[in-house]
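The sequence and the structure are shown first.

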Amino acid sequence: MYGSVDSGGVMKLWLRMMIIKKFGTQRNFAKACGRSDCWISTIIVERREPTEEEKRLITEKLELDREDKLFL
């Protein structure tokens, strides 16, 4: 449930769904986090893992209690 193939890469589908549900677009979410548009995209398509600080920021902005499901 958490990963999906997207253009040959793996996607953190659960994270993307939560962002779209709350913010409408990844761009809106990145702006709410004070980050560039490509920042969240690189995390979602798993080009890089988020830092612990980024995990906390994402969890906070999505108003979630736990971060474990988002970053599997």
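This is a predicted model: local features need pLDDT of at least 70, side-chain atom pairs count only at pLDDT 80 or more; totals for chains, interfaces and linings use all residues.

Just beyond the end of α4, Glu63 adopts a positive phi of about 55°.

## Packing of α3 against α4

Two packed helices are described by the angle between their axes and the distance between the axes. For α3 and α4, the axes come within 13 Å and cross at roughly 105°. Because an angle of 65 to 115 degrees counts as roughly perpendicular, α3 is roughly perpendicular to α4. On the α3 side the contact is made by Trp39, Ile40 and Ile43, and on the α4 side by Glu54, Leu57 and Ile58. By class, the residues of this contact are five nonpolar, no polar and one charged.

## Packing of α1 against α3

Helix α3 also packs with α1, at an angle of about 145° and with the axes 9 Å apart. Here Leu15, Arg16 and Ile19 of α1 meet Ile40, Ile43 and Ile44 of α3. The contact of α1 with α3 consists of five nonpolar residues, no polar residues and one charged residue.

## The nonpolar core

The largest nonpolar core has 15 residues, of which Leu15, Ile19, Phe29, Trp39, Ile40, Ile58 and Leu62 touch the most other members. Each of the helices α1, α2, α3 and α4 supplies at least two residues of this core.

## Contacts of Phe23

Phe23 lies in helix α1. Leaving aside residues up to four places away in sequence, Phe23 touches Asn28, Phe29, Ala32, Lys61 and Leu62.

## Cysteines

How many disulfides does a search of the whole structure find? The search finds zero. A disulfide is a covalent bond between the sulfur atoms of two cysteines.

Are Cys33 and Cys38 buried or partly exposed? Cys33 has a relative accessibility of 10% and therefore counts as buried, since buried means under 20%. Cys38 has a relative accessible area of 48%, so Cys38 is partly exposed.

Methods:
Residues are numbered from 1 along each chain as its sequence is written. Side-chain values use heavy atoms; hydrogens and water are left out. Helices (H or I, at least four residues) and strands (E, at least two) are DSSP runs, numbered from the N terminus. Axes are lines fitted to C-alpha atoms, for helices over the stretch in contact, and angles run from 0 to 180 degrees between N-to-C directions. Angles under 35 degrees count as roughly parallel, over 145 as roughly antiparallel, 65 to 115 as roughly perpendicular and the rest as oblique. Contact means heavy atoms within 4.5 Å. Ala, Val, Leu, Ile, Met, Phe, Trp, Tyr, Cys and Pro count as nonpolar, Asp, Glu, Lys and Arg as charged, and the others, Gly among them, as polar. A disulfide is a pair of cysteine sulfur atoms within 2.5 Å. Buried means under 20% relative accessible area, exposed over 50%, partly exposed in between (1.4 Å probe, protein chains only). A nonpolar core is a set of buried Ala, Val, Leu, Ile, Met, Phe, Trp, Tyr and Cys residues joined through side-chain atoms within 4.5 Å.
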